[in-house]
Amino acid sequence: MLSDIEIAESCRLHDVRKIAKKLRLKEENLELYGKYKAKINLEEVNPQSKLILVTAINPTASGEGKTTVSIGLADGMSRLGKRVCLALREPSLGPVFGIKGGAAGGGYAQVVPMADINLHFTGDLHAITSANNLLCAMIDNHILRGNALGIKEVYFRRCMDMNDRALRDITLRNPAGNMKGCVSYDRVEGFEITAASEVMAILCLATDLKDLKMRIGNIVVGIDNDGKFVRARQLKAEGAMATLLKDAIKPNLVQTLEGTPAIVHGGPFANIAHGCNSVRATYTAMTLADYTVTEAGFGADLGAEKFLDTKCRVAGIQPDCVVVVATVKALKLHGGADKANLSEENLTALKAGLPNLLKHVENIKKVYNKPAVVAMNRFATDTKAEIEAVLSACAEAGAKAVFTDVFLKGGAGGEELAKTVIAECDKPSELHFAYDLNDNICKKVEDVVKNVYGGDGAEFSPEALKKIEQIEKAGIHGLPVIIAKTQYSLSDDAKRLARPTGFKIKVRDVIYKGGANFIVAVAGEIMLMPGLSKTPSAEHIDVDDKGNIVGLS
(Lines give C-alpha, C1' and ligand atoms only; values in the text may rest on other atoms or scores of the structure.)
Protein backbone atom coordinates (compact mmCIF):
# COMPACT_ATOMS: atom_id res chain seq x y z
CA MET A 1 0.00 0.00 0.00
CA LEU A 2 1.12 3.58 -0.67
CA SER A 3 2.39 5.63 2.28
CA ASP A 4 0.28 8.46 3.71
CA ILE A 5 2.36 11.12 1.97
CA GLU A 6 2.22 9.21 -1.35
CA ILE A 7 -1.59 8.95 -1.13
CA ALA A 8 -1.90 12.63 -0.23
CA GLU A 9 0.42 13.77 -3.03
CA SER A 10 -1.33 11.60 -5.64
CA CYS A 11 -4.84 12.93 -5.05
CA ARG A 12 -6.45 15.68 -7.10
CA LEU A 13 -7.23 18.66 -4.89
CA HIS A 14 -10.11 21.02 -5.58
CA ASP A 15 -9.63 24.77 -5.55
CA VAL A 16 -10.40 25.91 -2.00
CA ARG A 17 -13.01 28.33 -3.40
CA LYS A 18 -14.96 25.32 -4.68
CA ILE A 19 -14.77 23.74 -1.21
CA ALA A 20 -16.00 27.02 0.32
CA LYS A 21 -19.09 26.93 -1.90
CA LYS A 22 -20.14 23.65 -0.25
CA LEU A 23 -20.47 25.69 2.95
CA ARG A 24 -22.19 28.57 1.12
CA LEU A 25 -19.17 30.79 1.72
CA LYS A 26 -18.47 33.55 -0.77
CA GLU A 27 -15.04 34.49 -2.07
CA GLU A 28 -15.11 37.70 0.00
CA ASN A 29 -15.23 35.46 3.08
CA LEU A 30 -11.86 34.00 2.16
CA GLU A 31 -8.22 35.06 2.46
CA LEU A 32 -6.42 32.75 0.05
CA TYR A 33 -3.12 31.09 0.92
CA GLY A 34 -2.50 29.67 -2.54
CA LYS A 35 -5.04 27.41 -4.30
CA TYR A 36 -5.79 24.94 -1.53
CA LYS A 37 -5.73 26.84 1.78
CA ALA A 38 -7.67 29.85 2.99
CA LYS A 39 -8.45 31.82 6.13
CA ILE A 40 -12.16 32.29 6.78
CA ASN A 41 -13.57 35.76 7.54
CA LEU A 42 -17.06 35.38 8.95
CA GLU A 43 -18.47 38.46 10.67
CA GLU A 44 -21.33 36.71 12.44
CA VAL A 45 -21.70 33.13 13.62
CA ASN A 46 -24.84 31.25 14.62
CA PRO A 47 -23.79 27.73 15.74
CA GLN A 48 -26.80 25.47 15.26
CA SER A 49 -25.56 22.28 13.60
CA LYS A 50 -25.47 18.86 15.19
CA LEU A 51 -22.10 18.41 16.90
CA ILE A 52 -20.22 15.10 17.00
CA LEU A 53 -17.19 14.70 19.27
CA VAL A 54 -14.66 12.00 18.36
CA THR A 55 -12.46 10.74 21.20
CA ALA A 56 -10.62 7.50 21.99
CA ILE A 57 -9.36 5.01 24.53
CA ASN A 58 -6.05 5.70 26.26
CA PRO A 59 -3.54 5.60 23.38
CA THR A 60 -1.10 2.76 22.87
CA ALA A 61 1.96 2.11 20.75
CA SER A 62 -0.21 0.40 18.12
CA GLY A 63 -2.18 3.58 17.43
CA GLU A 64 -5.95 4.05 17.42
CA GLY A 65 -6.57 6.44 14.49
CA LYS A 66 -8.86 9.03 16.10
CA THR A 67 -8.23 11.75 13.50
CA THR A 68 -8.47 9.18 10.71
CA VAL A 69 -11.89 8.10 11.99
CA SER A 70 -13.02 11.73 12.33
CA ILE A 71 -12.17 12.34 8.68
CA GLY A 72 -13.64 9.04 7.45
CA LEU A 73 -16.81 9.70 9.44
CA ALA A 74 -17.22 13.15 7.87
CA ASP A 75 -16.60 11.72 4.39
CA GLY A 76 -19.11 8.96 5.11
CA MET A 77 -21.74 11.50 6.15
CA SER A 78 -21.02 13.52 3.03
CA ARG A 79 -21.57 10.39 0.92
CA LEU A 80 -24.97 10.08 2.58
CA GLY A 81 -25.88 13.53 1.30
CA LYS A 82 -25.33 15.46 4.55
CA ARG A 83 -23.81 18.96 4.62
CA VAL A 84 -20.92 18.26 6.99
CA CYS A 85 -17.79 20.12 8.06
CA LEU A 86 -14.78 18.89 10.00
CA ALA A 87 -13.31 20.99 12.82
CA LEU A 88 -9.85 19.63 13.68
CA ARG A 89 -6.71 20.79 15.47
CA GLU A 90 -3.52 21.89 13.75
CA PRO A 91 -0.49 19.58 14.10
CA SER A 92 2.51 20.59 16.19
CA LEU A 93 5.99 20.15 14.75
CA GLY A 94 7.05 18.43 17.99
CA PRO A 95 5.07 15.21 17.36
CA VAL A 96 5.56 15.46 13.57
CA PHE A 97 9.32 15.08 14.02
CA GLY A 98 9.04 13.11 17.25
CA ILE A 99 7.30 9.79 17.87
CA LYS A 100 3.57 10.42 17.29
CA GLY A 101 3.78 11.74 13.72
CA GLY A 102 1.45 14.22 12.06
CA ALA A 103 -2.21 14.93 12.71
CA ALA A 104 -3.78 14.96 9.26
CA GLY A 105 -5.29 11.46 9.33
CA GLY A 106 -3.99 8.44 7.46
CA GLY A 107 -4.49 6.15 4.49
CA TYR A 108 -7.51 7.27 2.44
CA ALA A 109 -8.94 9.39 5.25
CA GLN A 110 -6.75 12.48 5.28
CA VAL A 111 -7.03 16.25 5.21
CA VAL A 112 -4.97 17.88 2.48
CA PRO A 113 -2.62 19.43 1.49
CA MET A 114 -1.18 17.03 4.06
CA ALA A 115 2.45 18.19 3.99
CA ASP A 116 1.48 21.85 4.36
CA ILE A 117 -0.89 21.12 7.24
CA ASN A 118 1.73 19.06 9.10
CA LEU A 119 4.51 21.59 8.57
CA HIS A 120 4.15 25.41 8.50
CA PHE A 121 0.53 25.53 7.24
CA THR A 122 -0.65 29.18 7.43
CA GLY A 123 1.87 30.14 10.11
CA ASP A 124 -0.50 30.07 13.10
CA LEU A 125 1.83 28.21 15.46
CA HIS A 126 4.75 30.46 14.51
CA ALA A 127 2.63 33.52 15.29
CA ILE A 128 1.67 32.04 18.67
CA THR A 129 5.33 31.31 19.44
CA SER A 130 6.33 34.86 18.50
CA ALA A 131 3.57 36.47 20.58
CA ASN A 132 4.46 34.31 23.57
CA ASN A 133 8.16 35.13 23.37
CA LEU A 134 7.52 38.84 22.82
CA LEU A 135 5.86 38.90 26.24
CA CYS A 136 8.86 37.08 27.74
CA ALA A 137 11.22 39.64 26.23
CA MET A 138 9.08 42.48 27.62
CA ILE A 139 9.10 40.91 31.10
CA ASP A 140 12.89 40.65 31.23
CA ASN A 141 13.34 44.09 29.68
CA HIS A 142 11.05 45.56 32.37
CA ILE A 143 13.00 43.91 35.18
CA LEU A 144 16.35 44.96 33.70
CA ARG A 145 15.25 48.58 33.43
CA GLY A 146 14.35 49.09 37.06
CA ASN A 147 11.43 46.69 37.69
CA ALA A 148 8.87 49.38 38.48
CA LEU A 149 6.21 46.70 39.02
CA GLY A 150 8.36 44.98 41.64
CA ILE A 151 8.21 41.58 39.95
CA LYS A 152 9.60 39.11 42.47
CA GLU A 153 9.03 35.83 40.65
CA VAL A 154 8.33 35.18 36.96
CA TYR A 155 5.78 32.46 36.12
CA PHE A 156 5.41 32.97 32.35
CA ARG A 157 7.80 30.88 30.25
CA ARG A 158 9.17 30.93 26.73
CA CYS A 159 7.97 28.39 24.17
CA MET A 160 9.04 26.65 20.97
CA ASP A 161 7.14 24.36 18.60
CA MET A 162 9.58 21.46 18.85
CA ASN A 163 10.41 18.64 21.26
CA ASP A 164 13.63 19.72 23.01
CA ARG A 165 14.19 18.39 26.53
CA ALA A 166 17.41 20.41 26.87
CA LEU A 167 15.26 23.55 27.16
CA ARG A 168 13.19 22.34 30.12
CA ASP A 169 15.52 24.12 32.55
CA ILE A 170 17.72 27.00 31.47
CA THR A 171 19.55 29.89 33.13
CA LEU A 172 18.76 33.31 31.68
CA ARG A 173 21.42 35.98 31.82
CA ASN A 174 20.23 39.55 31.39
CA PRO A 175 23.36 41.73 31.20
CA ALA A 176 22.97 45.46 31.75
CA GLY A 177 26.38 46.27 30.29
CA ASN A 178 26.95 50.00 30.62
CA MET A 179 23.23 50.91 30.43
CA LYS A 180 22.60 53.59 33.02
CA GLY A 181 20.20 52.65 35.81
CA CYS A 182 19.98 49.00 34.75
CA VAL A 183 20.99 46.01 36.84
CA SER A 184 22.28 42.67 35.49
CA TYR A 185 20.63 39.51 36.80
CA ASP A 186 20.43 35.77 36.24
CA ARG A 187 17.38 33.57 36.81
CA VAL A 188 16.31 29.99 36.15
CA GLU A 189 13.51 29.45 33.65
CA GLY A 190 12.50 26.91 31.02
CA PHE A 191 10.64 26.44 27.74
CA GLU A 192 7.24 24.88 27.12
CA ILE A 193 6.23 23.43 23.77
CA THR A 194 4.00 25.91 21.90
CA ALA A 195 1.02 23.56 22.04
CA ALA A 196 1.18 23.71 25.87
CA SER A 197 1.49 27.49 26.03
CA GLU A 198 -1.16 29.75 27.47
CA VAL A 199 -1.17 31.84 24.29
CA MET A 200 -2.21 28.73 22.34
CA ALA A 201 -5.02 28.10 24.84
CA ILE A 202 -6.11 31.75 24.63
CA LEU A 203 -6.24 31.69 20.82
CA CYS A 204 -8.39 28.56 20.99
CA LEU A 205 -10.81 29.96 23.59
CA ALA A 206 -11.12 33.55 22.31
CA THR A 207 -14.33 34.40 20.45
CA ASP A 208 -12.99 37.48 18.60
CA LEU A 209 -10.09 39.96 18.56
CA LYS A 210 -11.54 41.97 21.44
CA ASP A 211 -11.83 38.88 23.59
CA LEU A 212 -8.35 37.77 22.50
CA LYS A 213 -6.81 41.07 23.59
CA MET A 214 -8.65 41.01 26.90
CA ARG A 215 -7.47 37.49 27.63
CA ILE A 216 -3.87 38.33 26.70
CA GLY A 217 -3.97 41.28 29.09
CA ASN A 218 -5.11 38.92 31.86
CA ILE A 219 -2.09 36.62 31.52
CA VAL A 220 -0.32 36.26 34.86
CA VAL A 221 3.38 36.90 34.25
CA GLY A 222 4.42 36.47 37.90
CA ILE A 223 4.01 37.84 41.40
CA ASP A 224 5.25 41.11 42.92
CA ASN A 225 6.95 41.82 46.24
CA ASP A 226 3.54 41.84 47.97
CA GLY A 227 2.62 38.42 46.59
CA LYS A 228 0.07 39.87 44.15
CA PHE A 229 -0.33 38.69 40.57
CA VAL A 230 1.32 40.82 37.87
CA ARG A 231 -0.49 40.69 34.52
CA ALA A 232 0.53 41.28 30.93
CA ARG A 233 -1.56 44.46 30.62
CA GLN A 234 0.60 46.06 33.33
CA LEU A 235 3.50 45.66 30.89
CA LYS A 236 1.33 47.09 28.07
CA ALA A 237 1.97 43.93 26.05
CA GLU A 238 -1.51 42.93 24.90
CA GLY A 239 -1.71 45.27 21.90
CA ALA A 240 1.50 44.10 20.26
CA MET A 241 0.76 40.45 21.03
CA ALA A 242 -2.73 40.70 19.54
CA THR A 243 -1.21 42.36 16.47
CA LEU A 244 0.98 39.29 15.93
CA LEU A 245 -2.11 37.08 16.28
CA LYS A 246 -4.60 39.07 14.19
CA ASP A 247 -4.41 36.61 11.27
CA ALA A 248 -3.74 33.49 13.34
CA ILE A 249 -7.11 33.83 15.09
CA LYS A 250 -8.94 33.28 11.78
CA PRO A 251 -9.89 29.63 11.10
CA ASN A 252 -8.21 27.76 8.23
CA LEU A 253 -10.23 26.05 5.49
CA VAL A 254 -8.87 22.96 3.69
CA GLN A 255 -10.43 19.69 2.43
CA THR A 256 -10.38 15.93 2.82
CA LEU A 257 -9.18 13.61 0.08
CA GLU A 258 -12.84 13.33 -0.95
CA GLY A 259 -13.47 17.07 -0.98
CA THR A 260 -15.31 17.40 2.34
CA PRO A 261 -14.73 20.86 3.89
CA ALA A 262 -12.37 20.81 6.86
CA ILE A 263 -11.59 23.69 9.23
CA VAL A 264 -8.20 23.05 10.87
CA HIS A 265 -7.34 25.59 13.55
CA GLY A 266 -5.50 25.68 16.87
CA GLY A 267 -3.60 22.80 18.41
CA PRO A 268 -3.29 22.56 22.20
CA PHE A 269 -2.15 19.19 23.55
CA ALA A 270 -4.71 17.33 25.65
CA ASN A 271 -2.25 15.81 28.13
CA ILE A 272 -0.80 19.20 29.13
CA ALA A 273 -3.40 21.71 27.89
CA HIS A 274 -7.13 21.67 27.05
CA GLY A 275 -6.75 19.67 23.86
CA CYS A 276 -9.45 21.10 21.57
CA ASN A 277 -9.47 23.12 18.38
CA SER A 278 -10.52 26.78 18.53
CA VAL A 279 -13.96 27.96 19.62
CA ARG A 280 -14.02 30.17 16.52
CA ALA A 281 -13.44 27.16 14.26
CA THR A 282 -16.16 25.14 15.97
CA TYR A 283 -18.61 28.06 15.86
CA THR A 284 -17.81 28.59 12.17
CA ALA A 285 -18.33 24.93 11.24
CA MET A 286 -21.55 24.77 13.28
CA THR A 287 -22.81 27.89 11.48
CA LEU A 288 -22.03 26.68 7.96
CA ALA A 289 -22.92 22.96 8.12
CA ASP A 290 -25.76 20.73 9.31
CA TYR A 291 -23.30 18.35 11.01
CA THR A 292 -19.94 19.25 12.57
CA VAL A 293 -17.40 16.52 13.32
CA THR A 294 -14.70 17.56 15.77
CA GLU A 295 -12.11 15.71 17.85
CA ALA A 296 -10.31 16.14 21.15
CA GLY A 297 -6.77 15.01 21.88
CA PHE A 298 -5.62 11.66 23.27
CA GLY A 299 -8.02 9.52 25.34
CA ALA A 300 -11.47 10.46 26.58
CA ASP A 301 -10.09 11.00 30.09
CA LEU A 302 -8.04 13.91 28.73
CA GLY A 303 -9.36 15.47 25.53
CA ALA A 304 -13.04 14.58 25.89
CA GLU A 305 -13.11 15.51 29.60
CA LYS A 306 -11.63 18.93 28.83
CA PHE A 307 -13.88 19.40 25.81
CA LEU A 308 -16.97 18.64 27.88
CA ASP A 309 -16.03 20.22 31.21
CA THR A 310 -14.13 23.26 29.87
CA LYS A 311 -14.77 24.07 26.20
CA CYS A 312 -18.50 23.33 26.31
CA ARG A 313 -18.87 25.60 29.34
CA VAL A 314 -16.85 28.41 27.77
CA ALA A 315 -18.47 28.17 24.32
CA GLY A 316 -22.02 27.30 25.38
CA ILE A 317 -22.15 24.22 23.16
CA GLN A 318 -22.60 20.49 23.68
CA PRO A 319 -22.16 17.41 21.49
CA ASP A 320 -25.17 15.47 20.24
CA CYS A 321 -23.12 12.27 20.07
CA VAL A 322 -19.66 11.11 21.22
CA VAL A 323 -17.64 8.56 19.25
CA VAL A 324 -15.01 6.53 21.14
CA VAL A 325 -12.28 5.10 18.87
CA ALA A 326 -10.35 1.90 19.56
CA THR A 327 -8.72 -1.05 17.80
CA VAL A 328 -8.56 -4.73 18.70
CA LYS A 329 -4.77 -4.48 18.73
CA ALA A 330 -4.78 -1.54 21.14
CA LEU A 331 -7.19 -3.31 23.49
CA LYS A 332 -4.94 -6.37 23.50
CA LEU A 333 -2.01 -4.15 24.46
CA HIS A 334 -4.05 -2.77 27.34
CA GLY A 335 -4.68 -6.38 28.33
CA GLY A 336 -0.99 -7.23 28.54
CA ALA A 337 -0.32 -8.72 25.09
CA ASP A 338 3.19 -8.57 23.67
CA LYS A 339 3.48 -5.80 21.07
CA ALA A 340 5.26 -8.23 18.73
CA ASN A 341 2.31 -10.66 18.73
CA LEU A 342 -0.69 -8.35 18.26
CA SER A 343 -1.66 -9.96 14.96
CA GLU A 344 -2.32 -13.27 16.72
CA GLU A 345 -5.75 -14.02 18.19
CA ASN A 346 -5.62 -13.43 21.95
CA LEU A 347 -9.07 -13.35 23.55
CA THR A 348 -7.60 -13.40 27.04
CA ALA A 349 -5.65 -10.18 26.48
CA LEU A 350 -8.57 -8.61 24.59
CA LYS A 351 -10.98 -9.26 27.45
CA ALA A 352 -8.43 -7.93 29.94
CA GLY A 353 -8.04 -4.73 27.90
CA LEU A 354 -11.72 -4.13 27.12
CA PRO A 355 -12.38 -2.46 30.52
CA ASN A 356 -10.39 0.57 29.32
CA LEU A 357 -12.80 1.09 26.43
CA LEU A 358 -15.82 0.35 28.60
CA LYS A 359 -14.75 2.88 31.24
CA HIS A 360 -14.63 5.63 28.60
CA VAL A 361 -18.05 4.58 27.28
CA GLU A 362 -19.39 4.56 30.83
CA ASN A 363 -18.06 8.09 31.40
CA ILE A 364 -19.73 9.44 28.27
CA LYS A 365 -23.07 7.83 29.04
CA LYS A 366 -23.28 8.04 32.84
CA VAL A 367 -21.07 10.98 33.86
CA TYR A 368 -21.80 13.29 30.91
CA ASN A 369 -25.21 11.91 29.92
CA LYS A 370 -24.43 11.74 26.19
CA PRO A 371 -25.03 9.04 23.53
CA ALA A 372 -21.88 7.00 22.81
CA VAL A 373 -20.88 5.06 19.70
CA VAL A 374 -17.74 2.90 19.56
CA ALA A 375 -15.73 3.08 16.32
CA MET A 376 -13.34 0.16 15.89
CA ASN A 377 -10.65 0.67 13.29
CA ARG A 378 -10.58 -2.68 11.51
CA PHE A 379 -7.35 -4.59 10.86
CA ALA A 380 -7.11 -7.58 8.51
CA THR A 381 -5.82 -9.63 11.45
CA ASP A 382 -8.95 -9.05 13.58
CA THR A 383 -10.55 -12.47 14.02
CA LYS A 384 -14.27 -13.26 14.07
CA ALA A 385 -14.06 -14.23 17.74
CA GLU A 386 -12.31 -10.98 18.67
CA ILE A 387 -14.84 -8.89 16.74
CA GLU A 388 -17.74 -10.69 18.41
CA ALA A 389 -16.15 -10.14 21.85
CA VAL A 390 -15.98 -6.39 21.26
CA LEU A 391 -19.49 -6.11 19.82
CA SER A 392 -20.94 -8.10 22.71
CA ALA A 393 -19.12 -6.12 25.43
CA CYS A 394 -20.15 -2.78 23.93
CA ALA A 395 -23.78 -3.86 23.50
CA GLU A 396 -23.84 -4.92 27.15
CA ALA A 397 -22.52 -1.45 28.06
CA GLY A 398 -25.34 0.18 26.08
CA ALA A 399 -23.26 1.42 23.13
CA LYS A 400 -23.26 0.16 19.55
CA ALA A 401 -19.84 -0.73 18.15
CA VAL A 402 -19.11 -0.33 14.44
CA PHE A 403 -16.02 -1.73 12.71
CA THR A 404 -14.81 0.79 10.13
CA ASP A 405 -12.51 0.59 7.12
CA VAL A 406 -11.83 4.31 6.65
CA PHE A 407 -8.05 3.89 6.45
CA LEU A 408 -8.33 1.63 3.39
CA LYS A 409 -11.63 2.83 1.90
CA GLY A 410 -12.06 6.46 3.01
CA GLY A 411 -15.67 7.63 3.25
CA ALA A 412 -17.02 4.36 1.83
CA GLY A 413 -15.54 2.60 4.85
CA GLY A 414 -17.22 5.07 7.19
CA GLU A 415 -20.81 4.97 5.91
CA GLU A 416 -22.07 2.44 8.46
CA LEU A 417 -20.52 4.49 11.28
CA ALA A 418 -22.06 7.64 9.78
CA LYS A 419 -25.56 6.09 9.75
CA THR A 420 -25.18 5.00 13.37
CA VAL A 421 -23.95 8.41 14.50
CA ILE A 422 -26.71 10.28 12.65
CA ALA A 423 -29.31 8.12 14.39
CA GLU A 424 -27.73 8.78 17.81
CA CYS A 425 -27.66 12.53 17.13
CA ASP A 426 -31.43 12.51 16.92
CA LYS A 427 -31.75 11.28 20.50
CA PRO A 428 -32.27 14.22 22.91
CA SER A 429 -29.73 14.55 25.75
CA GLU A 430 -28.61 17.25 28.15
CA LEU A 431 -24.93 17.56 29.04
CA HIS A 432 -23.94 16.90 32.64
CA PHE A 433 -20.51 17.77 34.05
CA ALA A 434 -17.93 15.86 36.10
CA TYR A 435 -17.61 18.62 38.70
CA ASP A 436 -19.28 21.77 40.00
CA LEU A 437 -17.53 24.99 38.93
CA ASN A 438 -18.35 26.59 42.28
CA ASP A 439 -16.40 24.00 44.32
CA ASN A 440 -12.84 24.70 45.45
CA ILE A 441 -9.85 23.64 43.33
CA CYS A 442 -9.01 20.52 45.34
CA LYS A 443 -12.62 19.28 45.21
CA LYS A 444 -12.83 19.80 41.43
CA VAL A 445 -9.59 17.88 40.83
CA GLU A 446 -10.74 15.06 43.10
CA ASP A 447 -14.11 14.87 41.35
CA VAL A 448 -12.40 14.42 37.96
CA VAL A 449 -10.20 11.67 39.42
CA LYS A 450 -13.15 9.86 41.04
CA ASN A 451 -15.79 10.37 38.34
CA VAL A 452 -13.68 10.20 35.16
CA TYR A 453 -10.45 8.33 35.97
CA GLY A 454 -12.04 5.88 38.43
CA GLY A 455 -9.48 6.65 41.14
CA ASP A 456 -9.79 7.43 44.85
CA GLY A 457 -8.84 11.12 44.75
CA ALA A 458 -5.71 13.26 44.68
CA GLU A 459 -2.68 14.04 46.80
CA PHE A 460 -1.32 17.59 46.61
CA SER A 461 2.32 18.53 47.16
CA PRO A 462 3.14 21.37 49.58
CA GLU A 463 4.04 23.54 46.56
CA ALA A 464 0.66 22.80 44.91
CA LEU A 465 -1.21 23.61 48.13
CA LYS A 466 0.72 26.86 48.47
CA LYS A 467 -0.26 27.85 44.93
CA ILE A 468 -3.91 26.93 45.57
CA GLU A 469 -3.94 29.07 48.71
CA GLN A 470 -2.44 31.97 46.76
CA ILE A 471 -5.07 31.65 44.01
CA GLU A 472 -8.03 31.39 46.35
CA LYS A 473 -6.73 34.17 48.60
CA ALA A 474 -6.73 36.44 45.52
CA GLY A 475 -10.48 35.81 45.19
CA ILE A 476 -10.16 33.68 42.05
CA HIS A 477 -12.83 31.00 41.94
CA GLY A 478 -15.36 29.34 39.65
CA LEU A 479 -12.81 28.33 36.99
CA PRO A 480 -12.49 24.99 35.15
CA VAL A 481 -9.58 22.71 36.08
CA ILE A 482 -7.22 21.25 33.49
CA ILE A 483 -5.35 18.17 34.73
CA ALA A 484 -2.02 17.60 33.01
CA LYS A 485 -1.10 13.92 33.21
CA THR A 486 0.09 10.99 31.12
CA GLN A 487 -2.14 10.05 28.20
CA TYR A 488 -1.32 6.35 28.43
CA SER A 489 -3.28 5.51 31.56
CA LEU A 490 -6.44 6.54 33.37
CA SER A 491 -4.10 7.10 36.32
CA ASP A 492 -1.00 9.33 36.40
CA ASP A 493 1.23 6.26 36.04
CA ALA A 494 1.81 5.41 32.37
CA LYS A 495 2.38 1.72 33.20
CA ARG A 496 -1.05 1.15 34.75
CA LEU A 497 -3.07 0.09 31.70
CA ALA A 498 -6.66 -1.12 31.14
CA ARG A 499 -8.87 0.09 34.01
CA PRO A 500 -6.78 0.61 37.16
CA THR A 501 -8.43 1.09 40.56
CA GLY A 502 -7.34 2.07 44.05
CA PHE A 503 -5.05 4.90 42.98
CA LYS A 504 -4.69 8.59 43.74
CA ILE A 505 -3.08 11.05 41.35
CA LYS A 506 -0.21 13.12 42.72
CA VAL A 507 -0.55 16.83 41.94
CA ARG A 508 2.92 18.37 42.15
CA ASP A 509 2.12 21.87 40.86
CA VAL A 510 -0.85 24.13 40.23
CA ILE A 511 -0.78 26.96 37.68
CA TYR A 512 -3.33 29.77 37.34
CA LYS A 513 -3.75 30.66 33.66
CA GLY A 514 -5.35 34.09 33.94
CA GLY A 515 -5.75 34.63 30.21
CA ALA A 516 -7.07 31.18 29.37
CA ASN A 517 -9.13 31.50 32.57
CA PHE A 518 -8.55 28.01 33.91
CA ILE A 519 -6.47 26.24 36.56
CA VAL A 520 -3.85 23.65 35.55
CA ALA A 521 -3.05 20.82 37.98
CA VAL A 522 0.21 19.13 36.95
CA ALA A 523 0.16 15.44 37.94
CA GLY A 524 2.74 12.66 37.96
CA GLU A 525 5.81 12.90 35.75
CA ILE A 526 4.22 14.83 32.88
CA MET A 527 6.51 17.42 31.25
CA LEU A 528 5.38 20.66 29.59
CA MET A 529 8.30 20.32 27.14
CA PRO A 530 8.47 16.82 25.59
CA GLY A 531 11.70 15.21 24.40
CA LEU A 532 12.59 13.26 21.28
CA SER A 533 12.56 9.46 21.29
CA LYS A 534 15.63 7.32 20.70
CA THR A 535 14.66 7.07 17.02
CA PRO A 536 12.57 10.14 16.20
CA SER A 537 10.50 10.42 13.03
CA ALA A 538 12.85 13.21 11.94
CA GLU A 539 15.42 10.55 11.01
CA HIS A 540 13.09 9.22 8.30
CA ILE A 541 11.75 12.47 6.81
CA ASP A 542 13.51 13.85 3.75
CA VAL A 543 13.01 15.98 0.64
CA ASP A 544 14.45 15.19 -2.79
CA ASP A 545 16.08 17.59 -5.25
CA LYS A 546 12.68 18.39 -6.78
CA GLY A 547 11.08 19.25 -3.45
CA ASN A 548 9.14 16.00 -3.02
CA ILE A 549 8.77 15.00 0.65
CA VAL A 550 9.15 11.40 1.84
CA GLY A 551 8.67 9.81 5.26
CA LEU A 552 6.04 12.27 6.52
CA SER A 553 2.98 10.68 8.11
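Q: In helix 18, what makes A464, K467, I468, Q470 and I471 count as buried?
A: A464, K467, I468, Q470 and I471 of helix 18 are buried. Buried means under 20% relative accessible area, exposed over 50%, and partly exposed in between, with a 1.4 Å probe and protein chains only. The model is predicted: local features need pLDDT of at least 70, side-chain atom pairs count only at pLDDT 80 or more, and totals for chains, interfaces and linings use all residues. Residues are numbered from 1 along each chain as its sequence is written, and side-chain values use heavy atoms, leaving out hydrogens and water.

Q: What covers the buried residues of helix 18?
A: The cover includes helix 17, strand 12 (220-224), strand 13 (229-231), strand 20 (458-460), strand 22 (505-513) and strand 23 (518-523). Contact here means heavy atoms within 4.5 Å. Helices (H or I, at least four residues) and strands (E, at least two) are DSSP runs, numbered from the N terminus.

Q: How do you know that the span of helix 18 agrees with what it should be?
A: The expected span is 1.5 Å times one less than the number of residues. For the 12 residues 462-473 that gives 16 Å, and the end C-alpha atoms are 16 Å apart, so the two agree. G475 follows helix 18, with a positive phi near 80 degrees.

Q: Why is D439 called partly exposed?
A: D439 has 25% relative accessibility, so it counts as partly exposed. D439 sits in the loop between helix 16 (415-425) and helix 17 (441-453). Not counting residues up to four places away in sequence, D439 touches K444 and D447.

Q: How do you know that C182 is in no disulfide?
A: A disulfide needs a pair of cysteine sulfur atoms within 2.5 Å. The structure holds zero disulfides. For C182, the nearest cysteine sulfur is that of C136, 19 Å away. For C204, it is that of C276, 8.4 Å away. C182 has a relative accessible area of 16%, so it is buried. C204, at 0%, counts as buried too.

Q: What makes strand 17 mostly covered?
A: Six of the six residues in strand 17 (residues 321-326) are buried. C321, V323 and V325 lie on one side, and V322, V324 and A326 on the other.

Q: How do you know that strand 17 pairs with strand 3?
A: Two strands pair if DSSP finds at least two bridges between them. Strand 3 (residues 50-56) and strand 17 have five, in the parallel sense. T55 has V324 as its bridge partner in strand 17. Five bridges also join strand 17 to strand 18 (residues 372-377), again running parallel. There V323 is partnered by V373.

Q: What makes a set of residues a nonpolar core?
A: Its members are buried Ala, Val, Leu, Ile, Met, Phe, Trp, Tyr and Cys residues joined through side-chain atoms within 4.5 Å. The largest has 122 residues, of which L135, I219, L357, V445 and I505 touch the most other members. Helix 6 (residues 124-144) gives the most to this core, with nine residues. Apart from it lies another core, of 44 residues, including I7, A8, V323 and V421.
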